There are 2 protein chains.
Amino acid sequence: MSLNHKLYAYLHEEILPLESAYLHVSDLSIQRGYGIFDFFKTHNGQPLFLEDYLNRFYASASLMGLEVPLPEDELVSTITRLIQMNGLADSGMKMILTGGYSENGYNPGPPNLIMIEQPLTLPSEVQVTTGIKVITHEYVRELAAAKTINYTVGVRLIQQVKAKGAEDVLYHQNGVVSEFPRSNFFLVKEDNTIITPVHEILKGITRKNVLELAGKKYRVEEETVTLEDIAQAKEAFMTSTTKRILPIVAVDGNPVGNGKPGAVTLQLLKDLVALEGRQVSL
Amino acid sequence: MSLNHKLYAYLHEEILPLESAYLHVSDLSIQRGYGIFDFFKTHNGQPLFLEDYLNRFYASASLMGLEVPLPEDELVSTITRLIQMNGLADSGMKMILTGGYSENGYNPGPPNLIMIEQPLTLPSEVQVTTGIKVITHEYVRELAAAKTINYTVGVRLIQQVKAKGAEDVLYHQNGVVSEFPRSNFFLVKEDNTIITPVHEILKGITRKNVLELAGKKYRVEEETVTLEDIAQAKEAFMTSTTKRILPIVAVDGNPVGNGKPGAVTLQLLKDLVALEGRQVSL
(Lines give C-alpha, C1' and ligand atoms only; values in the text may rest on other atoms or scores of the structure.)
Protein backbone atom coordinates (compact mmCIF):
# COMPACT_ATOMS: atom_id res chain seq x y z
CA MET A 1 0.00 0.00 0.00
CA SER A 2 1.12 3.52 -0.73
CA LEU A 3 2.72 4.96 2.37
CA ASN A 4 4.36 8.12 0.98
CA HIS A 5 1.65 10.20 2.63
CA LYS A 6 1.31 9.29 6.33
CA LEU A 7 -2.11 7.65 6.52
CA TYR A 8 -4.25 6.56 9.42
CA ALA A 9 -6.52 3.53 9.64
CA TYR A 10 -9.04 2.15 12.14
CA LEU A 11 -8.59 -1.22 13.85
CA HIS A 12 -9.31 -2.70 17.29
CA GLU A 13 -11.37 0.30 18.36
CA GLU A 14 -8.67 2.87 17.68
CA ILE A 15 -7.29 5.08 14.95
CA LEU A 16 -3.67 4.20 14.31
CA PRO A 17 -1.07 4.62 11.55
CA LEU A 18 -1.96 2.40 8.57
CA GLU A 19 1.57 0.99 8.67
CA SER A 20 0.83 -0.32 12.21
CA ALA A 21 -2.49 -1.98 11.36
CA TYR A 22 -1.93 -5.71 11.84
CA LEU A 23 -4.22 -8.69 12.49
CA HIS A 24 -3.19 -11.82 14.38
CA VAL A 25 -2.88 -14.88 12.11
CA SER A 26 -5.80 -16.52 13.96
CA ASP A 27 -8.15 -14.06 12.21
CA LEU A 28 -10.76 -15.94 10.17
CA SER A 29 -9.95 -13.90 7.05
CA ILE A 30 -6.46 -15.41 7.09
CA GLN A 31 -7.57 -18.87 8.26
CA ARG A 32 -10.71 -19.26 6.12
CA GLY A 33 -11.05 -16.21 3.85
CA TYR A 34 -14.13 -15.25 5.86
CA GLY A 35 -15.25 -11.64 5.87
CA ILE A 36 -17.16 -8.89 4.10
CA PHE A 37 -16.28 -5.37 3.07
CA ASP A 38 -17.49 -2.26 1.35
CA PHE A 39 -15.83 0.65 -0.39
CA PHE A 40 -16.93 4.22 -1.03
CA LYS A 41 -15.17 7.30 -2.31
CA THR A 42 -14.76 10.81 -0.98
CA HIS A 43 -14.37 14.08 -2.85
CA ASN A 44 -12.97 17.15 -1.08
CA GLY A 45 -13.35 15.31 2.20
CA GLN A 46 -17.02 14.41 1.66
CA PRO A 47 -18.20 10.80 1.30
CA LEU A 48 -20.40 10.16 -1.76
CA PHE A 49 -23.68 8.25 -1.34
CA LEU A 50 -22.50 7.14 2.12
CA GLU A 51 -25.92 5.97 3.31
CA ASP A 52 -26.20 3.49 0.41
CA TYR A 53 -22.77 2.02 1.10
CA LEU A 54 -23.40 1.73 4.84
CA ASN A 55 -26.73 0.00 4.26
CA ARG A 56 -25.03 -2.54 1.98
CA PHE A 57 -22.18 -3.04 4.48
CA TYR A 58 -24.60 -3.90 7.31
CA ALA A 59 -26.65 -6.09 4.93
CA SER A 60 -23.56 -8.07 3.82
CA ALA A 61 -22.54 -8.54 7.45
CA SER A 62 -26.00 -9.85 8.28
CA LEU A 63 -26.01 -12.27 5.32
CA MET A 64 -22.73 -13.73 6.61
CA GLY A 65 -23.83 -13.91 10.25
CA LEU A 66 -21.37 -11.21 11.34
CA GLU A 67 -22.22 -8.34 13.65
CA VAL A 68 -20.72 -4.92 12.91
CA PRO A 69 -19.21 -3.90 16.27
CA LEU A 70 -20.20 -0.22 15.84
CA PRO A 71 -23.71 1.18 15.47
CA GLU A 72 -24.15 3.30 12.36
CA ASP A 73 -23.75 6.69 14.08
CA GLU A 74 -20.41 5.66 15.61
CA LEU A 75 -19.26 4.22 12.29
CA VAL A 76 -20.06 7.54 10.63
CA SER A 77 -18.23 9.58 13.27
CA THR A 78 -15.18 7.29 12.91
CA ILE A 79 -15.30 7.77 9.13
CA THR A 80 -15.48 11.54 9.59
CA ARG A 81 -12.53 11.53 11.98
CA LEU A 82 -10.41 9.35 9.65
CA ILE A 83 -11.15 11.65 6.71
CA GLN A 84 -10.13 14.69 8.76
CA MET A 85 -6.89 13.09 9.98
CA ASN A 86 -5.84 11.82 6.55
CA GLY A 87 -6.66 15.05 4.71
CA LEU A 88 -6.88 13.44 1.27
CA ALA A 89 -8.62 15.42 -1.50
CA ASP A 90 -10.03 12.37 -3.28
CA SER A 91 -9.96 9.03 -1.53
CA GLY A 92 -11.35 5.53 -1.39
CA MET A 93 -12.44 4.24 2.02
CA LYS A 94 -12.54 0.49 2.56
CA MET A 95 -14.36 -1.04 5.53
CA ILE A 96 -13.52 -4.72 6.12
CA LEU A 97 -15.31 -6.89 8.67
CA THR A 98 -13.64 -10.24 9.27
CA GLY A 99 -14.78 -13.40 11.04
CA GLY A 100 -12.57 -12.34 13.97
CA TYR A 101 -9.96 -14.16 16.00
CA SER A 102 -10.97 -17.82 15.87
CA GLU A 103 -10.33 -20.19 18.78
CA ASN A 104 -10.10 -23.25 16.53
CA GLY A 105 -9.34 -21.74 13.13
CA TYR A 106 -12.90 -22.39 11.89
CA ASN A 107 -15.56 -20.94 14.17
CA PRO A 108 -15.96 -17.15 14.04
CA GLY A 109 -15.00 -14.98 17.01
CA PRO A 110 -16.01 -11.37 17.67
CA PRO A 111 -15.57 -9.71 14.23
CA ASN A 112 -12.62 -7.41 13.56
CA LEU A 113 -13.50 -4.11 11.86
CA ILE A 114 -10.81 -2.47 9.72
CA MET A 115 -11.10 0.91 7.98
CA ILE A 116 -8.49 1.97 5.44
CA GLU A 117 -8.51 5.23 3.49
CA GLN A 118 -6.21 5.70 0.52
CA PRO A 119 -5.76 8.13 -2.37
CA LEU A 120 -8.17 7.35 -5.20
CA THR A 121 -7.18 6.81 -8.81
CA LEU A 122 -10.08 7.37 -11.22
CA PRO A 123 -9.93 5.97 -14.78
CA SER A 124 -7.60 7.85 -17.11
CA GLU A 125 -8.93 10.00 -19.96
CA VAL A 126 -7.42 7.44 -22.34
CA GLN A 127 -9.38 4.56 -20.80
CA VAL A 128 -12.62 6.52 -21.21
CA THR A 129 -12.01 7.69 -24.79
CA THR A 130 -10.63 4.39 -26.11
CA GLY A 131 -12.68 2.01 -23.95
CA ILE A 132 -11.47 -1.32 -22.58
CA LYS A 133 -11.36 -4.92 -23.75
CA VAL A 134 -12.66 -7.75 -21.60
CA ILE A 135 -12.75 -11.53 -21.70
CA THR A 136 -15.43 -13.87 -20.31
CA HIS A 137 -15.21 -16.72 -17.81
CA GLU A 138 -17.81 -19.24 -16.65
CA TYR A 139 -18.42 -18.59 -12.96
CA VAL A 140 -21.06 -17.37 -10.52
CA ARG A 141 -19.96 -15.75 -7.26
CA GLU A 142 -20.97 -17.57 -4.10
CA LEU A 143 -23.58 -15.59 -2.16
CA ALA A 144 -23.51 -12.95 -4.87
CA ALA A 145 -25.83 -10.65 -2.89
CA ALA A 146 -23.18 -10.22 -0.16
CA LYS A 147 -19.98 -8.26 -0.71
CA THR A 148 -17.71 -10.97 0.69
CA ILE A 149 -13.91 -10.82 0.54
CA ASN A 150 -13.87 -14.01 -1.56
CA TYR A 151 -12.08 -13.15 -4.83
CA THR A 152 -10.49 -16.57 -5.31
CA VAL A 153 -11.52 -16.69 -8.97
CA GLY A 154 -11.06 -13.02 -9.88
CA VAL A 155 -7.54 -12.71 -8.48
CA ARG A 156 -6.51 -16.05 -9.96
CA LEU A 157 -7.59 -14.82 -13.43
CA ILE A 158 -5.50 -11.60 -13.33
CA GLN A 159 -2.63 -13.16 -15.31
CA GLN A 160 -4.99 -14.72 -17.87
CA VAL A 161 -6.79 -11.40 -18.43
CA LYS A 162 -3.44 -9.67 -19.01
CA ALA A 163 -2.17 -12.42 -21.29
CA LYS A 164 -5.18 -11.90 -23.54
CA GLY A 165 -4.58 -8.14 -23.75
CA ALA A 166 -7.77 -7.45 -21.76
CA GLU A 167 -8.44 -5.38 -18.66
CA ASP A 168 -11.17 -7.34 -16.93
CA VAL A 169 -13.19 -10.55 -16.96
CA LEU A 170 -16.97 -10.84 -17.31
CA TYR A 171 -18.59 -13.78 -15.50
CA HIS A 172 -21.36 -15.83 -17.10
CA GLN A 173 -23.00 -19.21 -16.54
CA ASN A 174 -24.20 -21.16 -19.56
CA GLY A 175 -24.04 -17.90 -21.50
CA VAL A 176 -26.09 -15.91 -18.97
CA VAL A 177 -24.01 -12.89 -17.99
CA SER A 178 -23.78 -11.70 -14.36
CA GLU A 179 -21.01 -9.24 -13.45
CA PHE A 180 -17.29 -8.47 -13.31
CA PRO A 181 -15.32 -9.34 -10.18
CA ARG A 182 -15.62 -5.72 -9.00
CA SER A 183 -18.06 -4.04 -11.43
CA ASN A 184 -21.54 -4.33 -12.92
CA PHE A 185 -22.30 -4.78 -16.60
CA PHE A 186 -24.63 -2.81 -18.89
CA LEU A 187 -25.63 -3.10 -22.54
CA VAL A 188 -27.18 -0.49 -24.85
CA LYS A 189 -29.39 -2.11 -27.50
CA GLU A 190 -29.86 -0.86 -31.05
CA ASP A 191 -33.08 0.94 -29.96
CA ASN A 192 -31.18 2.65 -27.06
CA THR A 193 -32.81 0.44 -24.43
CA ILE A 194 -30.39 0.01 -21.55
CA ILE A 195 -30.25 -3.43 -19.96
CA THR A 196 -28.33 -4.84 -17.01
CA PRO A 197 -28.31 -8.28 -15.29
CA VAL A 198 -30.31 -8.55 -12.07
CA HIS A 199 -29.66 -12.11 -10.78
CA GLU A 200 -26.48 -13.51 -9.17
CA ILE A 201 -24.91 -10.07 -8.91
CA LEU A 202 -23.78 -7.66 -6.27
CA LYS A 203 -26.05 -4.65 -6.62
CA GLY A 204 -23.59 -1.80 -7.08
CA ILE A 205 -24.32 1.68 -5.77
CA THR A 206 -23.03 3.12 -9.05
CA ARG A 207 -25.28 0.62 -10.88
CA LYS A 208 -28.23 2.01 -8.93
CA ASN A 209 -27.28 5.62 -9.72
CA VAL A 210 -26.79 4.82 -13.41
CA LEU A 211 -30.15 3.06 -13.58
CA GLU A 212 -31.81 6.18 -12.13
CA LEU A 213 -30.02 8.53 -14.49
CA ALA A 214 -30.62 6.31 -17.52
CA GLY A 215 -34.31 6.01 -16.67
CA LYS A 216 -34.74 9.73 -17.24
CA LYS A 217 -33.67 9.53 -20.88
CA TYR A 218 -33.93 5.92 -22.03
CA ARG A 219 -35.94 2.76 -21.61
CA VAL A 220 -34.25 0.73 -18.84
CA GLU A 221 -34.51 -3.02 -18.10
CA GLU A 222 -33.13 -5.11 -15.26
CA GLU A 223 -33.26 -8.44 -17.05
CA THR A 224 -31.39 -11.55 -18.12
CA VAL A 225 -28.44 -10.69 -20.39
CA THR A 226 -26.77 -13.34 -22.52
CA LEU A 227 -23.51 -13.49 -24.46
CA GLU A 228 -25.67 -13.49 -27.58
CA ASP A 229 -27.21 -10.17 -26.46
CA ILE A 230 -23.70 -8.70 -26.36
CA ALA A 231 -23.12 -9.72 -29.96
CA GLN A 232 -26.28 -7.81 -30.94
CA ALA A 233 -25.65 -4.73 -28.78
CA LYS A 234 -24.73 -1.23 -29.89
CA GLU A 235 -22.74 -0.32 -26.78
CA ALA A 236 -21.55 -1.91 -23.54
CA PHE A 237 -20.09 -0.49 -20.35
CA MET A 238 -19.17 -1.37 -16.79
CA THR A 239 -19.97 0.58 -13.63
CA SER A 240 -18.21 0.73 -10.27
CA THR A 241 -17.35 3.18 -7.53
CA THR A 242 -13.78 3.70 -8.74
CA LYS A 243 -14.43 3.24 -12.46
CA ARG A 244 -17.68 5.23 -12.65
CA ILE A 245 -18.68 4.25 -16.23
CA LEU A 246 -16.09 2.64 -18.50
CA PRO A 247 -16.93 1.87 -22.15
CA ILE A 248 -16.33 -1.74 -23.22
CA VAL A 249 -15.28 -1.97 -26.85
CA ALA A 250 -14.51 -5.69 -27.18
CA VAL A 251 -15.60 -8.94 -25.51
CA ASP A 252 -13.48 -12.05 -26.12
CA GLY A 253 -11.85 -10.29 -29.08
CA ASN A 254 -15.14 -9.43 -30.77
CA PRO A 255 -15.92 -5.71 -31.13
CA VAL A 256 -19.04 -4.42 -29.36
CA GLY A 257 -21.12 -2.41 -31.86
CA ASN A 258 -18.69 -0.36 -33.95
CA GLY A 259 -15.84 -1.10 -31.51
CA LYS A 260 -15.74 2.43 -30.10
CA PRO A 261 -17.14 4.02 -26.93
CA GLY A 262 -20.77 4.83 -27.68
CA ALA A 263 -22.71 8.08 -27.44
CA VAL A 264 -25.20 6.77 -24.86
CA THR A 265 -22.36 5.48 -22.65
CA LEU A 266 -20.50 8.79 -22.73
CA GLN A 267 -23.70 10.77 -22.09
CA LEU A 268 -24.42 8.63 -19.01
CA LEU A 269 -20.87 9.19 -17.77
CA LYS A 270 -21.38 12.96 -18.04
CA ASP A 271 -24.67 12.64 -16.13
CA LEU A 272 -23.00 10.52 -13.44
CA VAL A 273 -20.12 12.99 -12.97
CA ALA A 274 -22.71 15.77 -12.63
CA LEU A 275 -24.68 13.72 -10.07
CA GLU A 276 -21.53 13.14 -8.03
CA GLY A 277 -20.80 16.88 -8.22
CA ARG A 278 -24.23 17.71 -6.83
CA GLN A 279 -23.68 15.23 -3.95
CA VAL A 280 -20.53 16.95 -2.64
CA SER A 281 -21.84 20.49 -3.16
CA LEU A 282 -24.98 19.83 -1.11
CA MET B 1 -6.23 -20.03 19.75
CA SER B 2 -5.11 -21.91 22.80
CA LEU B 3 -2.18 -20.09 24.35
CA ASN B 4 -1.88 -21.90 27.70
CA HIS B 5 1.21 -23.71 26.40
CA LYS B 6 3.76 -21.23 24.98
CA LEU B 7 3.78 -22.02 21.29
CA TYR B 8 5.98 -20.89 18.45
CA ALA B 9 4.98 -20.18 14.86
CA TYR B 10 6.79 -19.31 11.63
CA LEU B 11 6.19 -16.05 9.76
CA HIS B 12 8.28 -13.59 7.74
CA GLU B 13 11.26 -15.94 7.62
CA GLU B 14 11.54 -16.38 11.37
CA ILE B 15 10.26 -18.51 14.20
CA LEU B 16 8.45 -16.34 16.73
CA PRO B 17 5.91 -16.74 19.53
CA LEU B 18 2.49 -17.58 18.05
CA GLU B 19 1.00 -14.72 20.07
CA SER B 20 3.28 -12.32 18.12
CA ALA B 21 2.41 -13.64 14.63
CA TYR B 22 0.61 -10.79 12.89
CA LEU B 23 -0.01 -9.86 9.24
CA HIS B 24 -0.46 -6.33 7.94
CA VAL B 25 -4.03 -5.59 6.84
CA SER B 26 -2.82 -5.17 3.24
CA ASP B 27 -2.34 -8.94 3.06
CA LEU B 28 -4.43 -10.42 0.24
CA SER B 29 -6.00 -13.00 2.59
CA ILE B 30 -7.58 -10.12 4.53
CA GLN B 31 -8.31 -7.97 1.47
CA ARG B 32 -9.55 -10.70 -0.92
CA GLY B 33 -9.60 -14.03 0.93
CA TYR B 34 -6.76 -15.16 -1.34
CA GLY B 35 -4.52 -17.97 -0.17
CA ILE B 36 -3.98 -21.71 0.16
CA PHE B 37 -3.06 -23.94 3.06
CA ASP B 38 -2.44 -27.48 4.17
CA PHE B 39 -2.60 -29.32 7.44
CA PHE B 40 -0.89 -32.45 8.71
CA LYS B 41 -0.60 -34.07 12.10
CA THR B 42 2.33 -35.21 14.22
CA HIS B 43 2.54 -38.06 16.71
CA ASN B 44 5.36 -38.14 19.27
CA GLY B 45 7.07 -35.35 17.36
CA GLN B 46 6.93 -37.13 14.00
CA PRO B 47 4.89 -35.81 11.06
CA LEU B 48 2.60 -38.40 9.45
CA PHE B 49 2.58 -38.81 5.65
CA LEU B 50 4.50 -35.52 5.36
CA GLU B 51 5.56 -36.02 1.75
CA ASP B 52 1.93 -36.32 0.61
CA TYR B 53 0.90 -33.14 2.40
CA LEU B 54 3.88 -31.17 1.10
CA ASN B 55 3.19 -32.30 -2.46
CA ARG B 56 -0.41 -31.14 -2.16
CA PHE B 57 0.67 -27.82 -0.59
CA TYR B 58 3.00 -27.03 -3.51
CA ALA B 59 0.34 -28.20 -5.99
CA SER B 60 -2.34 -25.92 -4.44
CA ALA B 61 0.09 -22.98 -4.54
CA SER B 62 0.81 -23.64 -8.20
CA LEU B 63 -2.92 -23.88 -9.08
CA MET B 64 -3.43 -20.44 -7.51
CA GLY B 65 -0.34 -18.86 -9.10
CA LEU B 66 1.47 -18.51 -5.77
CA GLU B 67 5.11 -19.39 -5.21
CA VAL B 68 6.08 -21.06 -1.93
CA PRO B 69 8.99 -18.91 -0.70
CA LEU B 70 10.90 -21.93 0.67
CA PRO B 71 12.18 -24.93 -1.27
CA GLU B 72 10.95 -28.25 0.11
CA ASP B 73 14.12 -29.10 2.06
CA GLU B 74 14.03 -25.75 3.90
CA LEU B 75 10.32 -26.14 4.55
CA VAL B 76 11.00 -29.55 6.11
CA SER B 77 13.85 -28.25 8.28
CA THR B 78 11.61 -25.39 9.47
CA ILE B 79 8.87 -27.90 10.30
CA THR B 80 11.37 -30.03 12.23
CA ARG B 81 12.61 -27.01 14.20
CA LEU B 82 9.07 -25.85 15.04
CA ILE B 83 8.15 -29.33 16.26
CA GLN B 84 11.26 -29.45 18.48
CA MET B 85 10.64 -25.99 19.95
CA ASN B 86 6.94 -26.60 20.64
CA GLY B 87 7.44 -30.04 22.17
CA LEU B 88 3.84 -31.17 21.64
CA ALA B 89 3.11 -34.91 21.86
CA ASP B 90 0.29 -34.86 19.29
CA SER B 91 -0.17 -31.80 17.14
CA GLY B 92 -1.70 -30.37 14.00
CA MET B 93 0.57 -28.24 11.83
CA LYS B 94 -1.06 -25.72 9.50
CA MET B 95 0.89 -24.10 6.67
CA ILE B 96 -0.87 -21.07 5.14
CA LEU B 97 0.39 -19.29 2.02
CA THR B 98 -1.37 -15.98 1.35
CA GLY B 99 -1.45 -13.69 -1.69
CA GLY B 100 1.00 -11.45 0.19
CA TYR B 101 1.03 -7.73 0.90
CA SER B 102 -0.86 -6.15 -1.99
CA GLU B 103 0.03 -2.69 -3.33
CA ASN B 104 -3.52 -1.99 -4.50
CA GLY B 105 -5.59 -4.43 -2.46
CA TYR B 106 -6.16 -6.72 -5.46
CA ASN B 107 -2.92 -7.77 -7.16
CA PRO B 108 -0.86 -10.36 -5.29
CA GLY B 109 2.51 -9.45 -3.78
CA PRO B 110 5.28 -11.82 -2.65
CA PRO B 111 3.34 -14.54 -0.76
CA ASN B 112 3.41 -14.69 3.04
CA LEU B 113 4.08 -18.14 4.51
CA ILE B 114 2.67 -18.87 7.97
CA MET B 115 3.21 -22.07 9.97
CA ILE B 116 1.18 -22.72 13.10
CA GLU B 117 1.43 -25.82 15.29
CA GLN B 118 -1.21 -26.53 17.92
CA PRO B 119 -2.29 -29.41 20.17
CA LEU B 120 -4.44 -31.89 18.26
CA THR B 121 -7.87 -33.07 19.36
CA LEU B 122 -8.85 -36.38 17.77
CA PRO B 123 -12.51 -37.50 17.72
CA SER B 124 -13.85 -38.66 21.05
CA GLU B 125 -14.66 -42.32 21.72
CA VAL B 126 -18.32 -41.28 21.87
CA GLN B 127 -18.23 -39.77 18.38
CA VAL B 128 -16.76 -42.98 16.98
CA THR B 129 -19.11 -45.38 18.75
CA THR B 130 -22.31 -43.38 18.20
CA GLY B 131 -21.44 -41.84 14.82
CA ILE B 132 -22.46 -38.40 13.67
CA LYS B 133 -25.42 -36.82 11.91
CA VAL B 134 -24.98 -34.59 8.88
CA ILE B 135 -27.15 -32.42 6.66
CA THR B 136 -26.73 -31.68 2.95
CA HIS B 137 -26.36 -28.40 1.06
CA GLU B 138 -26.23 -27.67 -2.68
CA TYR B 139 -22.78 -26.27 -3.45
CA VAL B 140 -19.56 -27.09 -5.28
CA ARG B 141 -16.29 -25.60 -4.03
CA GLU B 142 -14.54 -23.24 -6.42
CA LEU B 143 -11.30 -24.78 -7.72
CA ALA B 144 -12.03 -27.90 -5.71
CA ALA B 145 -8.65 -29.45 -6.57
CA ALA B 146 -6.82 -26.68 -4.69
CA LYS B 147 -6.88 -26.40 -0.90
CA THR B 148 -7.76 -22.71 -0.87
CA ILE B 149 -8.64 -20.76 2.28
CA ASN B 150 -12.10 -20.02 0.86
CA TYR B 151 -14.64 -21.41 3.35
CA THR B 152 -17.29 -18.74 2.76
CA VAL B 153 -20.05 -21.32 2.51
CA GLY B 154 -18.85 -23.82 5.12
CA VAL B 155 -18.34 -21.26 7.88
CA ARG B 156 -21.61 -19.50 7.06
CA LEU B 157 -23.47 -22.83 7.50
CA ILE B 158 -22.08 -23.56 10.99
CA GLN B 159 -25.16 -22.17 12.75
CA GLN B 160 -27.56 -23.99 10.40
CA VAL B 161 -25.77 -27.31 10.96
CA LYS B 162 -26.00 -26.83 14.73
CA ALA B 163 -29.65 -25.77 14.57
CA LYS B 164 -30.50 -29.06 12.85
CA GLY B 165 -28.69 -31.10 15.50
CA ALA B 166 -26.03 -32.17 13.00
CA GLU B 167 -22.24 -32.02 13.10
CA ASP B 168 -21.34 -31.35 9.49
CA VAL B 169 -22.71 -30.54 6.05
CA LEU B 170 -22.30 -32.65 2.92
CA TYR B 171 -22.12 -30.74 -0.38
CA HIS B 172 -23.93 -31.93 -3.51
CA GLN B 173 -24.98 -30.48 -6.85
CA ASN B 174 -28.22 -31.70 -8.41
CA GLY B 175 -28.00 -34.68 -6.08
CA VAL B 176 -24.42 -35.59 -7.03
CA VAL B 177 -22.42 -35.69 -3.80
CA SER B 178 -18.91 -34.23 -3.57
CA GLU B 179 -17.43 -33.65 -0.09
CA PHE B 180 -17.71 -31.98 3.30
CA PRO B 181 -16.12 -28.57 3.85
CA ARG B 182 -13.10 -30.26 5.47
CA SER B 183 -13.57 -34.02 4.90
CA ASN B 184 -14.14 -36.61 2.20
CA PHE B 185 -17.20 -38.87 1.96
CA PHE B 186 -17.42 -42.66 1.60
CA LEU B 187 -20.28 -45.14 1.26
CA VAL B 188 -20.35 -48.88 1.92
CA LYS B 189 -22.87 -50.63 -0.33
CA GLU B 190 -24.93 -53.71 0.59
CA ASP B 191 -22.33 -55.94 -1.14
CA ASN B 192 -19.49 -54.28 0.86
CA THR B 193 -18.25 -52.32 -2.16
CA ILE B 194 -16.71 -49.08 -0.95
CA ILE B 195 -17.37 -46.02 -3.09
CA THR B 196 -16.22 -42.40 -2.85
CA PRO B 197 -16.74 -39.34 -5.11
CA VAL B 198 -13.86 -38.44 -7.41
CA HIS B 199 -14.94 -35.18 -9.13
CA GLU B 200 -15.15 -31.66 -7.66
CA ILE B 201 -13.38 -32.72 -4.49
CA LEU B 202 -10.16 -32.06 -2.65
CA LYS B 203 -8.28 -35.32 -2.70
CA GLY B 204 -7.61 -35.96 0.97
CA ILE B 205 -4.46 -37.72 2.15
CA THR B 206 -6.59 -39.75 4.58
CA ARG B 207 -8.94 -40.52 1.66
CA LYS B 208 -5.95 -41.88 -0.25
CA ASN B 209 -4.80 -43.99 2.70
CA VAL B 210 -8.30 -45.35 3.29
CA LEU B 211 -8.67 -46.25 -0.41
CA GLU B 212 -5.41 -48.22 -0.21
CA LEU B 213 -6.41 -50.00 2.99
CA ALA B 214 -9.93 -50.72 1.76
CA GLY B 215 -8.58 -52.11 -1.53
CA LYS B 216 -6.87 -54.92 0.37
CA LYS B 217 -10.17 -56.27 1.73
CA TYR B 218 -13.03 -54.90 -0.34
CA ARG B 219 -14.00 -53.86 -3.82
CA VAL B 220 -13.28 -50.11 -4.12
CA GLU B 221 -14.69 -47.57 -6.58
CA GLU B 222 -13.90 -43.91 -7.15
CA GLU B 223 -17.14 -42.99 -8.85
CA THR B 224 -20.15 -40.69 -8.95
CA VAL B 225 -22.13 -40.87 -5.70
CA THR B 226 -25.69 -39.55 -5.49
CA LEU B 227 -28.05 -38.75 -2.64
CA GLU B 228 -30.08 -41.75 -3.83
CA ASP B 229 -26.99 -43.96 -3.36
CA ILE B 230 -26.87 -42.85 0.28
CA ALA B 231 -30.47 -43.97 0.79
CA GLN B 232 -29.49 -47.46 -0.49
CA ALA B 233 -26.20 -47.72 1.40
CA LYS B 234 -25.33 -49.97 4.33
CA GLU B 235 -22.78 -47.63 5.91
CA ALA B 236 -21.32 -44.17 5.41
CA PHE B 237 -18.31 -42.38 6.85
CA MET B 238 -16.14 -39.30 6.46
CA THR B 239 -12.35 -39.13 6.39
CA SER B 240 -9.96 -36.32 7.29
CA THR B 241 -6.59 -35.77 8.91
CA THR B 242 -8.07 -34.79 12.28
CA LYS B 243 -11.15 -37.01 12.14
CA ARG B 244 -9.49 -40.11 10.70
CA ILE B 245 -12.68 -42.12 9.97
CA LEU B 246 -15.97 -41.00 11.51
CA PRO B 247 -19.14 -43.09 11.02
CA ILE B 248 -22.13 -41.18 9.62
CA VAL B 249 -25.40 -42.54 10.97
CA ALA B 250 -27.91 -40.05 9.53
CA VAL B 251 -28.13 -37.74 6.51
CA ASP B 252 -30.81 -35.01 6.54
CA GLY B 253 -32.55 -36.87 9.35
CA ASN B 254 -32.72 -40.21 7.51
CA PRO B 255 -30.76 -43.10 9.05
CA VAL B 256 -27.93 -44.58 6.98
CA GLY B 257 -28.35 -48.39 6.90
CA ASN B 258 -29.45 -49.48 10.37
CA GLY B 259 -28.53 -46.06 11.81
CA LYS B 260 -25.46 -47.32 13.68
CA PRO B 261 -21.73 -47.25 12.91
CA GLY B 262 -21.06 -50.20 10.59
CA ALA B 263 -18.64 -53.11 10.85
CA VAL B 264 -16.75 -52.21 7.66
CA THR B 265 -16.32 -48.60 8.81
CA LEU B 266 -14.98 -49.62 12.21
CA GLN B 267 -12.65 -52.21 10.65
CA LEU B 268 -11.20 -49.56 8.32
CA LEU B 269 -10.68 -47.21 11.27
CA LYS B 270 -8.69 -49.94 13.05
CA ASP B 271 -6.62 -50.49 9.92
CA LEU B 272 -6.01 -46.72 9.59
CA VAL B 273 -4.88 -46.35 13.21
CA ALA B 274 -2.51 -49.28 12.66
CA LEU B 275 -1.14 -47.68 9.46
CA GLU B 276 -0.53 -44.42 11.33
CA GLY B 277 1.22 -46.36 14.07
CA ARG B 278 3.56 -47.97 11.54
CA GLN B 279 4.37 -44.54 10.08
CA VAL B 280 5.68 -43.07 13.32
CA SER B 281 7.55 -46.22 14.38
CA LEU B 282 9.52 -46.35 11.12
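Let's start where the chains meet: strand β3 (residues 22-24) of chain A is joined to β3(B) by 3 bridges, and the two run antiparallel. Strands here are DSSP runs of E with at least two residues, helices are runs of H or I with at least four, and both are numbered from the N terminus. Two strands pair if DSSP finds at least two bridges between them. Within this pairing, Leu23(A) has Leu23(B) as its bridge partner.

A quick word on the model. It is predicted, so local features need pLDDT of at least 70 and side-chain atom pairs count only at pLDDT 80 or more, while totals for chains, interfaces and linings use all residues. Residues are numbered from 1 along each chain as its sequence is written, with chains lettered from A and ligands numbered from 1 in the order in which they are written.

Now, how many residues does each chain bring to the contact? Chain A gives 41 residues and chain B gives 41 residues, where contact means that C-beta atoms, placed from the backbone, lie within 7 Å. On chain B's side, the elements that each supply at least two residues include β3 (22-24), β6 (90-98) and α5 (152-156).

Next, look inside chain A. Thanks, everyone!

Note on methods:
Two residues are in contact if their C-beta atoms, placed from the backbone, lie within 7 Å.
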